[in-house]
Amino acid sequence: MRTLIKTLQKVVSRRGSSKVLSFSAPHVFKALQLLYKEPYVSRTSFCKELHMGEGAVKTLILHLKEEGLADSLRSGTFLTKKGQKFTGELFKIISGECDVPKCSIAQGKNNHAILLRNIAKEIKTGIEQRDASILYGATGAITILYHKNKFVFPKEEVDCLRNDEKIKSILLENLKPQDGDVIIITTASEPFVAEISAKSSALFTLAQS
């Protein structure tokens, strides 16, 4: 898993330029998600979906090319075979995401959940995941584990969603958790910030495992 994160960090590296980059590993991951879904992605689409300017997008695409993960034609940017394999490996671990409405464990207007497959043993208290999300603008984050067909807080056994069947159904349907999985739910003032901070927390967790 650390090898995957190191590759993302290589894409982010400045390649000897003194220019300060306006994107980081979570943005690269989202770019790879976009490329995995569509055969070609235009710069305009990248700008819109990543909330980045055209200059930053050009640099991001250049770095993806230098790492051999993507290439471009007039139709747009696309994943190379190496990029498809790499992104597929990431998706085996970060296997699902979804928005979550305000609920008992996520009190904000904009909440985003991300699932990490089979790494529950790497979670201590969840504070580390919260701190990693706050670095990207989240106002808070909660980490829960899927254990014995229940959603539980770290080091606990009680179903934390026992009184919230609606949210339980949303997580089960969209994330399809299995025993030993981790779900991080971030809260932010804007939907994109909730999403990118959740990605940040997930990637931080993988880097530590």
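A residue counts as buried when its relative accessible area is under 20%, and as exposed when that area is over 50%; partly exposed residues fall in between. Cys-160 has a relative accessibility of 12%, so Cys-160 counts as buried. The structure here is a predicted model.

**Cysteines**

Cys-98 is also a buried residue, at 7% relative accessibility. What links do the cysteines form? A disulfide is a covalent bond between the sulfur atoms of two cysteines. The search of the whole structure finds zero disulfides. For Cys-98, the nearest cysteine sulfur belongs to Cys-103 and is 10 Å away. Cys-160 is in no disulfide either. Its nearest cysteine sulfur is that of Cys-103, at 9.2 Å.

**Aromatic rings**

How many aromatic pairs does a search of the whole structure find? The search gives four. Two of them are described here.

Phe-29 pairs with Phe-91. The ring centres are 6.2 Å apart and the planes stand at 75 degrees, so this pair is edge-to-face. Phe-29 sits in helix 2 (residues 25-37), while Phe-91 sits in helix 5 (residues 81-93). The pair links distant parts of the chain, 62 residues apart.

Tyr-36 and Phe-91 also make an edge-to-face pair. Here the distance is 4.8 Å centre to centre, with 80 degrees between the planes. Tyr-36 belongs to helix 2 and Phe-91 to helix 5, so this pair ties together parts that are 55 residues apart in sequence. Phe-29, Tyr-36 and Phe-91 form one aromatic cluster.

| Residue | Relative accessibility | Class |
|---|---|---|
| Phe-29 | 0% | buried |
| Phe-91 | 22% | partly exposed |
| Tyr-36 | 42% | partly exposed |

Phe-91 is at 22%. Buried means under 20%, so the value for Phe-91 does not qualify as buried.

**Helix 5**

Helix 5, which holds Phe-91, has 13 residues. From its first C-alpha to its last, helix 5 reaches 19 Å. That is close to the 18 Å expected at 1.5 Å a residue.

Which residues of helix 5 are buried? They are Gly-83, Phe-86, Thr-87, Gly-88, Leu-90 and Ile-93. The cover over these buried residues includes three helices: helix 1 (2-12), helix 2 and helix 8. Strand 2 (76-79), strand 3 and strand 4 are also part of that cover.

Now look at one strand pair. Strand 3 runs antiparallel to strand 4 (residues 110-116), and six bridges join the two. Gly-96 has Leu-115 of strand 4 as its bridge partner.

**Helices across the sheet**

Definitions and conventions: Residues are numbered from 1 along each chain as its sequence is written. This is a predicted model: local features need pLDDT of at least 70, side-chain atom pairs count only at pLDDT 80 or more; totals for chains, interfaces and linings use all residues. Side-chain values use heavy atoms; hydrogens and water are left out. Rings of Phe, Tyr and Trp (its six-membered ring) pair if their centres lie within 6.5 Å; planes under 30 degrees apart count as stacked, over 60 as edge-to-face and the rest as tilted. Helices (H or I, at least four residues) and strands (E, at least two) are DSSP runs, numbered from the N terminus. Buried means under 20% relative accessible area, exposed over 50%, partly exposed in between (1.4 Å probe, protein chains only). Two strands pair if DSSP finds at least two bridges between them. A disulfide is a pair of cysteine sulfur atoms within 2.5 Å. The expected span of a helix is 1.5 Å times one less than its number of residues. Contact means heavy atoms within 4.5 Å.
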